[in-house]
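This briefing goes through selected features of the structure shown below, grouped by topic. Please keep the sequence and the coordinates at hand while reading.

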Amino acid sequence: MFAHIFKFEVRRWFRSIAMYVYILVLFLVAFFTGLLIAGTWPGVSVNFGGEKIFANSPAIIDAMFAGINNYVGLIIIVAVIGNSVLKDFTANTSSLIFTTPVSKFNYLFGRFFASLFIVLIILAATGLGLMAAYATPWVSADRMEAFHLSYYITTYWQTVIPNALLDGAIFFAVSLIARDIFVIWLSLIVFFIAIGVSNSYFSSLEHETLSALIDPLGAHAKRALAKYWTTYQKNHFTYPMTGLFLMNRLLWMGISFIILGIGYSFFSFTATARRLFGSKVRLRESSVPVFKRSDLNMDALPKVKPVFSTGIYLKNLWGLSVNECRALLRNTYFRIILLFGMLLLFLVSIQLGKLYDTATYPVTYMVAEYFEGTFHIIIVVITFMFSGELVWKARDFRMSNILDALPVPNWVFYLSKLVGLMFMQVILLLLVMICGMIVQAFMGYTNFEPGVYLGFLFGFKLLDLWYLAVLAVLVQTLVSNKYVGYFILAIFYLWNSTFALLVLKHNLFIYMSDPGVEYSDMNGFGHAGYPYLVFKVYWGVLALCFAGLSSLLWARGSETGLKRRWRNARLKEMRGGWVVIVTALMFFIGCGAYVYYNTMVLNKDLSDFQQEELQAKYEQLYKKYQHAPQPKITSVKLNVDIYPRERNLYASGTLVLKNKTSQPIDSIHVLLNDDAKLREAKFSTGLRHTYYDSVVGYRIYTLAQALQPGDSLQFSFKTDLTSKGFKENFTGLGAPIYNGTFVNNTSFVPSIGYNRNIEIADNNKRKKHGLGYRPTENPITDTQAYQVNELASDADFIDFDATVSTVPDQIAIAPGYLQKEWTTNGRHYFHYKMDSPILNFYSFLSARYKVKKEMWHDVSLEIYYQEGHEYNLERMFQGMKKALDYYSVNFSPYQHRQVRILEFPRYSTFAQSFPNTIPFSEGIGFIAKVDDSSKEDINYPLYITAHEVAHQWWAHQVIGADVEGSVILVETMAQYGAIMVMQKDYTPEKLHKFLHYEMDRYLSARSNEGEKEKPLAYIDQAQSYIRYEKGGIEMYALSHYIGEDSLNHALQRFLKQYAFKGAPYPTSLDLIRYIKQVTPDSMQYFVKDVFENITLYNNKLSDAAVTETPGGQYTINFSVASQKLYADSSGYEKAVPSNDYIEVGVYNEKRKLIGLQRYKLPGGTSRLSIVVAEKPAKIVVDPNLLLIDKDLNDNEKRLTVSAPHAKK
Amino acid sequence: MLQVKNLSKTYPNGVQALKDVSLNIGNGMFGLLGPNGAGKSTLMRTIATLQDADSGSITFDGIDVMKQKHELRKVLGYLPQEFGVYPKVTAEEMLHYIARLKGIDNARERKELVNALLKQVNLINHKNKFLGGYSGGMKQRFGIAQALIGNPKLIIVDEPTAGLDPAERLRFNNLLSEIGENIVVILSTHIVDDVSELCNDMAIIASGQVVQCGNPEALVADMRDRIWSKRIKKDEVAAYQQQYNVILSKLSAGDVVIHVLSDQDPGSGFAAERVSLEDIYFSNIA
């Protein structure tokens, strides 16, 4: 019987068109994704885990095959399995089937496994789609390796089958219990929410194991498994079915069967579709057939005069809309959605704005953005679902027979549905707002700013949702079945929100798109408003066309074929609709032209590919001048006028250029940022000839007389950095903004000479543009490059003087000391002058600042901040003071008399150190909410401040040559400084937590390395995971192993040698030399491992036992297995013989260190023992995280004291 | 009043539902009689603007129905063959809703009208009950109430008694019989009694064609003395069908009574039968 039901069902599916449609959809989605990943479109690069990971590597095949099936596939699973029993109710075949002698078991499981079987066939299409994509000739060969069927098969059985079983079981059970298609789809949303919440909940490092287990789809388990895998491993290994992954799979297989069992036990052969809510009461009348004259008397009916006019129709529209809205509010499912939505928002609020697991204040924009972002997809799904419900309601309830014959124009019916849907979206956004405020209040934050909520949610987000509603109703109007409509909408949304931008490349072609908006407490919605509005009008008029079309083609009557409807739409009485459509289309074209003019003519928004094309041209044409002798800037004097309102900046200035070479220089090469315009260029020597390549932006000025070695000339210029119209995408910084301007010299001050940094650095991209291989950085052996520092190739140290002006209510800031401040002609002027030489790297800021000042000895500490952002000023002052304390004693004296921190809008989230000036994003620290009493919270405002202050030494005192590895003189050393400051401020646990995070980031990032990992001494600028994360850990380890004082002594000497010296600049090798000088012979190996090798350890505490000695002490006997590995640049790791110093620490119950011993351990297992005076609770190998170790979990063991020796 | 001219309609699946149908329908109750699938509902829905014909025209009071749908809807009262109701909506609410859509904007007028209608169709006691719980007869009475809203000049009642029990049907037909003489009422049905009870004019439609048309009594009079009946055994039916023009055979206490159409007495035990509309109907569709 089972087999019979199974076969019947399978055969039925094979005959159904739906199955082939599902297969086609998955195939196409996968095919398209495959093409994208495999680099079919040269301008489109989609990377998953580094460019070196092949498109058909096991890692990517798994991610795509499983990923597409987890989302698009899941919808199909629900459609197939969720409906497999339900269809007997909806098609009313249930009474036929349930009266046959088939057993419940055979019936249910026959159906279930047949549909699961079908689902598994359908889901395989995703794999085939990928295979097909990779087999096309369009894919880029360097993204491909050889075809391995086994990769697909592995993913299929490891992930696709178990997940389909689980999803199927869940939705099968739901269908058995609820017997209502709507509930099934609702449960799908709940399922997505549950996964999303658990993901965000357990994303932190501590919960890694838990999250790996509880992720029903297994993705987290795989991630945990392969987190630190190297490129080589990702390219060649499928996930082994071991450990957490195996446990996860077994766990969820078990749960699948339990869920099936629950569904089974709930089901009985009662032959009605159950509604979860509400039951019917049947009315009966007496049924004796007796003639009784009817009371109907047409003449006695009140006389009424029906009126038909536009006014009445509008009134009817209002009435119908109110009805729709009321019906919605009464809808039980909608109420459930609201409830779940609230639950979701409260749950995710835990993760609000966390950095290093440390919370931020729930400022309104952040809550609004985060909540809306989280909730957006749910609003979209609900919009789609209710679009079908509303449009099909009359037909589903067979009310259309009556309603369609009523004297109501189509547009009234249509608009009432649309209004209902839009109203629903408003309610959902209100929910976001209310939940946001509740969460804020709950977190003790009471500055609610309803204006920001309203502006963001109802000003910026609502329109999109409305346009989506219009589209959804159009689709539902046109299709002949609402499920087809849902499907089309889902596919559309997938396309529009992911692929469209990659392929169509311009917001003009992506429905509902806009340049984006980012709220900043400093700049509000800033200049995002107008372009946003233009885009919204543009899409709005298109939506109006859709609305007109929907209304014209509104399904009415019993024949709803599109051809019939089209014929009816052309009736004379429908003329109004066409007028609307044509007018809207005209506006659409007009708006489109306006957008085009702004984004493509006024602002040439180049695609990445076009931009690279220019860079390639630049290199091809002018590389020959790279070593042409050029003078260097020695002095900069600027006048900068900032117009925040107009978003313009006008600059004029004089650069003193000195010929520091030994040859005469007859021509000067000048580069300027593409967005800036050079209005005037004058040379004190006079000019003979001017060359200007306007395409690439390269200028060559031939001097009237050559500049002799040692001589100087003055180069005066005027440049404009103006904003015209708007760009396709919202750009925050880079040009003046209303409040919070932050621009640096590269954006409007000309630079001298060919600049290697403008070339395309990425070698994959170079290849696409026909350029040869180029090492990312100059090799460390390139002594010619020692003449240039890595920050600015056209200057050594310069004198600096700037007069900045802005609007009266703003403060403008540049490096240097304020000489004079005055107001003339409604402009607020500031004159800054630097009294010591600085690097050619400076910034200008202007905002309505509040200022707070403190003193550290004779140094003025100043913070310029946005009113309301006072939360962490004290921490920043502490950071500055502690940093100055430490650095001025341990490195060298501070060169300035001032440190200024300046807040800038959150469009970028970084802090950056300019001479005595530190711009600091509002997004990373100003609103941090650090709970000092918490064991977990990391005081990152202090950390970031300390890091940036350290740059006043490590960048602004000493800067490396423009070669590989130099960046460690800047970033790694600043990180070291910050860690040293933190060490003084933090408890050891917090410092360890910080280091653990850094180690995790380093290990994760190195597994995504696109080029090749280099040892610390030779890293590229771009390898931030090495320069910050690894560098910090290694320097900290060095301070432990060779002593903080010794290390600092080396740094002092290094600074003394190189600070403010100009060319030739030092390299990382110089630093290492100084460090080696203070390193004892026994630790030289370590210095070498840190800087010259990629060194990893695999340490493990294999066993440990503790015994109490008669003297009241405790002896711990334990074994440590140690292994040292060297990795090569491709990530291949090789164990090497070792005999290294490794620490072992013992902690008591209160997590206090009670014993620390340093051992010199050979590779392999060593038996050791340690004696401590207190009762130990935990023993840890390398407790200070000095060695990079991929698995820290096996480094520790809890201890239980065995019974003491019996005393005699 | 209502003129249907040369109406033809073929569905996409090839079924020809209407073949060159022409009808002139005046005020009063017009019965459209025909078996299931004859094209009655197609014709009714076409008149009610819910679908289009392939060719031909319908005019009502100067309104070209197929081109001026909205105009027709203003004067139409339509009770479809089957209709559903929204859950959790009461009869009163629904009537208000429809009255409003039918252009009765004045709230007081609307309230009076709805109340009067509810009273007259005998639903006043159930007006606050959800429509979903109504019995078949109640639902049809609600249906006629909604069709009567807004002084319709054309009322279309499509198979209203199908599925009603005898008591409900009787009550419903009582109701129909009171609908005025001054408007056009079209009643489609496959139950001969409905027409004989209610209509003063009728057409019989079979396989999409009008096969008879006229006053029911006149049609009966035309057939006088031409119907003969006989009680026979079940196994004799086939033989009789070969020999005579059998238009009707029905069971009667285990035997079969056959009616044959014949201008002369067929003899052999046949007796003259009083002509009923049923005979007309079956003689036309047989």
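Which residues in α2(A) meet which residues in α6(A)? M19(A), Y22(A), I23(A), L26(A), F27(A), L28(A), V29(A), A30(A), F31(A), G34(A) and L35(A) of α2(A) meet I118(A), I122(A), L123(A), A125(A), T126(A), L128(A), G129(A), L130(A), A132(A), A133(A) and Y134(A) of α6(A), where two residues are in contact if their C-beta atoms, placed from the backbone, lie within 7 Å.

The model is a predicted one, in which local features need pLDDT of at least 70 and side-chain atom pairs count only at pLDDT 80 or more, whereas totals for chains, interfaces and linings use all residues. Residues are numbered from 1 along each chain as its sequence is written, while chains are lettered from A and ligands numbered from 1 in the order in which they are written. Helices (H or I, at least four residues) and strands (E, at least two) are DSSP runs, numbered from the N terminus.

**Helix packing in chain A**

- Helix α2 (residues 17-37) of chain A and helix α6 (residues 104-135) of chain A have axes that come within 7 Å and cross at roughly 30°, the axes being lines fitted to C-alpha atoms, for helices over the stretch in contact, with angles that run from 0 to 180 degrees between N-to-C directions.
- α2(A) and α6(A) are therefore roughly parallel to each other, given that angles under 35 degrees count as roughly parallel, over 145 as roughly antiparallel, 65 to 115 as roughly perpendicular and the rest as oblique.
- The crossing of α2(A) and α6(A) is right-handed, a term used if the near helix is turned clockwise from the far one by less than a right angle, with left-handed used if the turn is anticlockwise.
- By class, the contact of α2(A) with α6(A) comprises 19 nonpolar, three polar and no charged residues, where Ala, Val, Leu, Ile, Met, Phe, Trp, Tyr, Cys and Pro count as nonpolar, Asp, Glu, Lys and Arg as charged, and the others, Gly among them, as polar.
- Helix α7 (residues 149-178) of chain A also packs with α6(A), the two axes coming within 10 Å and crossing at roughly 140°, and that makes α6(A) oblique to α7(A).
- The crossing of α6(A) and α7(A) is right-handed, and its contact includes F112(A), L116(A) and L123(A) of α6(A) as well as Y152(A), Y156(A) and F172(A) of α7(A).
- The contact of α6(A) with α7(A) divides into 14 nonpolar, two polar and no charged residues.

**Strand β10 and its partners in chain A**

- Strand β10 (residues 795-806) of chain A is mostly covered, with nine of its twelve residues buried; a residue is buried if 20 or more other C-beta atoms lie within 10 Å of its own, exposed if 12 or fewer, and partly exposed in between, with C-beta atoms placed from the backbone.
- Strand β1 (residues 632-643) of chain A runs parallel to β10(A) and is joined to it by eight bridges, and the bridge partner of L638(A) in β10(A) is A802(A); strands pair if DSSP finds at least two bridges between them.
- Strand β13 (residues 827-833) of chain A pairs with β10(A) in the antiparallel sense over six bridges, with H831(A) in β13(A) as the bridge partner of T803(A).
- Strand β14 (residues 838-839) of chain A pairs with β10(A) in the antiparallel sense over two bridges, and there I798(A) stands opposite I838(A).

**Other sites in chain A**

- Helix α33 (residues 1084-1092) of chain A has F1086(A), D1089(A), V1090(A) and F1091(A) as its buried residues, and these pack against α30 (1024-1041), α32 (1068-1078) and β20 (1094-1097) of chain A.
- I262(A) lies in helix α12 (residues 243-266) of chain A and, because it has 14 C-beta neighbours inside 10 Å, counts as partly exposed.

- Chain B has ten helices and 14 strands, and 47% of its 286 residues count as buried.
- An open sheet of four strands in chain B has the order β12-β13-β11-β14 with antiparallel pairing, and its edge strands are β12 (246-252) and β14 (271-272) of chain B, each of which pairs on one side only.
- The contact between the chains takes 56 residues from chain B and 45 residues from chain A, and α4(B) gives the most to the side of chain B that touches chain A, with seven residues.
- By class, that side of chain B has 22 nonpolar, 18 polar and 16 charged residues.
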